[in-house]
Amino acid sequence: MKILGISGSPRLEGTDFAVQHALTYLSDKCKTNGIECETKYITVARKELNFCIHCDHCIRKKQGCVHKDSMQEVYEALQWADGIIMGTPCYNGNVSGQLKTVMDRCRALFAMELHAIRDKYGMGISVGGDRNGGQEVALKTIHDFYILNGALPVSGGSFGSNLGATFWSRDLGREGVENDTEGARVLKRTLNKFYNELSKK
């Protein structure tokens, strides 16, 4: 089982903690059940991520993106993974600009290999400073990315975590995420469903 976690936060705070915690939880669960597991973690923090400029270099050449920056690590990791976890803080009620750039720039990956993430499983984690700070909207944006590119989005299911894992950080960064017991509950529920789907592959 190969699991990739991507933190779409430019800070090493709440989202960073949540995604790394998710990877640790899944790794421990695999170990308990005798399943071999590898994890990779990528953060957008301090990375060079240029915007997609829709130049169509990737479409014409089929040799990747015209920008040679930190996205190469993302491309390789997405191809490697069986399961993908994308985490984001909520900016203006949606995903961060950094995570949106990652999504947009994946056009170059799919131009080379259309089915790079097809039939892989994906889930989302969103962290808002307000209780209703756009967490579910951000999760839907993450799910849309998966659906558009053939991956299978996993939620926590009805009655508590309909779209996935959401946290209310109260603008306290990692401390706020760590102290959100409801967020921890829905994350665990989503991770368990994600694990169950991955373990069937």
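Student: Where does Glu76 sit?
Tutor: Glu76 is in helix H3; helices here are DSSP runs of H or I with at least four residues, strands are runs of E with at least two, and both are numbered from the N terminus. This is a predicted model, in which local features need pLDDT of at least 70 and side-chain atom pairs count only at pLDDT 80 or more, while totals for chains, interfaces and linings use all residues. Residues are numbered from 1 along each chain as its sequence is written, and side-chain values use heavy atoms, with hydrogens and water left out.

Student: Why does Glu76 count as partly exposed?
Tutor: Because its relative accessibility is 48%. Buried means under 20% relative accessible area, exposed means over 50%, and partly exposed is in between, with a 1.4 Å probe and protein chains only.

Student: What separates the C-alpha atoms of Glu76 and Ala116?
Tutor: A distance of 9.9 Å, for two residues 40 apart along the chain.

Student: Now the core. Which residues of the largest one touch the most other members?
Tutor: Leu4, Leu78, Met86, Leu99 and Phe145, out of 33 residues. A nonpolar core is a set of buried Ala, Val, Leu, Ile, Met, Phe, Trp, Tyr and Cys residues joined through side-chain atoms within 4.5 Å.

Student: Which elements give two or more residues to this core?
Tutor: Strand E1 (2-7), helix H3 (71-80), strand E3 (83-89), helix H4 (97-112) and helix H5 (135-148). The largest share, 8 residues, comes from H4.

Student: And what is Leu4 in contact with?
Tutor: Leaving aside neighbours within four places in sequence, the contacts of Leu4 (heavy atoms within 4.5 Å) include Leu23, Ile42, Leu78, Trp80 and Ile85. Ile85 also belongs to a second, separate core of 23 residues, which includes Met123, Leu191 and Phe194.

Student: Leu191 is in H7, then. Which residues of that helix are buried?
Tutor: Gly183, Val186, Leu187, Thr190, Leu191, Phe194, Tyr195 and Leu198. The buried residues of H7 pack against E1, H1, E3, E4 and E6.

Student: What about the span of H7?
Tutor: Its 19 residues should span 27 Å at 1.5 Å a residue, and the end C-alpha atoms are 27 Å apart, which agrees. The expected span is 1.5 Å times one less than the number of residues.

Student: Switching to open space. Which residues lie nearest the centre of the largest pocket?
Tutor: Arg131, Thr166, Trp168, Asp180 and Glu182, among 22 lining residues. The elements giving two or more residues to that lining are H5, strand E6 (165-168) and helix H7 (181-199). On a 1 Å grid over the protein atoms alone, a pocket is an open set of points with protein on both sides within 12 Å along at least five of seven lines, a cavity is a set where a 1.4 Å probe fits but cannot get out, and lining residues have an atom within 4 Å of a point.

Student: How many cavities of 30 Å³ or more are there?
Tutor: The count comes to 2. About 110 Å³ of space lies in the largest cavity, where a volume is the space filled by probe spheres set on grid points joined across faces, edges and corners.
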